[in-house]
Amino acid sequence: MERKSSLGFVSPEAFLRSVREETERMLCQVIGAVNQAPDGAWINASETQVRDVLGEFRRKVYERALQMKTEAAEGAFSPDRPSDGQTPQKQRACTAQHPEQQWPGEPDAKTL
């Protein structure tokens, strides 16, 4: 069951396209490490290098997935459209706070 988040969906196809080159590079490094290992010591001579290559690949791919999700979520919001349904004229204007961190017209914290 595939669940689409309401905050910017990233298609698997787009994600695959974005990591395809990195995936191919990683696979070449894996087989390169195995091919360079001497006969009789394929595992001992390549396992650590392959583990490191796969760990770096995992980190990069996960970072890319999070980056794409963040970008998609940011694209779901329009800076020109208020998110709470108010029109720009109905929104409260932001004004400077008083030194006691009170909005104008509110009682001071000292008097409460």
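Biologist: What does the secondary structure of the chain come to?

Modeller: This is a predicted model, and its chain has two helices and zero strands. Helix α1 covers residues 12–36 and helix α2 covers residues 42–75.

Biologist: How do I read the length of a helix, and what should the 25 residues of α1 span?

Modeller: Take 1.5 Å a residue and compare the result with the distance between the end C-alpha atoms. Helix α2, with 34 residues, reaches 48 Å from its first C-alpha to its last, close to the expected 50 Å.

Biologist: At what angle do the axes of α1 and α2 cross?

Modeller: They cross at roughly 170° and come within 9 Å. An angle over 145 degrees counts as roughly antiparallel, so α1 is roughly antiparallel to α2.

Biologist: Which residues of α1 meet α2?

Modeller: On the α1 side they are A14, F15, S18, V19, E22, T23, M26, Q29, V30, A33 and V34. Their partners in α2 include W42, V50, L54, F57, R64 and M68. By class, the contact has 15 nonpolar, five polar and three charged residues.

Biologist: Which residues of each helix are buried?

Modeller: Buried means under 20% relative accessible area. In α1 that applies to V19, M26, V30 and A33, and what covers them includes α2. The buried residues of α2 are S46, V50, V53, G55, F57, V61, M68 and A73, and they pack against α1. Over the chain, buried residues make up 13% of 112 residues.

Biologist: Take S18 in helix α1. Is S18 buried, partly exposed or exposed?

Modeller: Its relative accessible area is 29%, so S18 is partly exposed. Leaving aside residues up to four places away in sequence, S18 touches R64 and M68.

Biologist: How far apart are S18 and M68 in sequence and in space?

Modeller: They are 50 residues apart in sequence and 9.3 Å apart in space, C-alpha to C-alpha.

Biologist: What share of the contacts in the chain with a separation of 6 or more comes from residues 24 or more positions apart?

Modeller: Such residues account for 53% of those contacts.

Technical notes
Residues numbered from 1 in each chain as written. Predicted model: local features only at pLDDT ≥ 70, side-chain atom pairs only at ≥ 80, totals over all residues. Heavy atoms only, no water. Axes fitted to C-alpha atoms, helices over the stretch in contact; angles between N-to-C directions. Helix = DSSP H or I, 4+ residues; strand = E, 2+ residues; numbered from the N terminus. Parallel < 35°, antiparallel > 145°, perpendicular 65-115°, else oblique. Contact = heavy atoms within 4.5 Å. Nonpolar A, V, L, I, M, F, W, Y, C, P; charged D, E, K, R; others polar. Expected span 1.5 Å × (residues − 1). Buried < 20%, exposed > 50% of the residue type's maximum accessible area, 1.4 Å probe, protein only.
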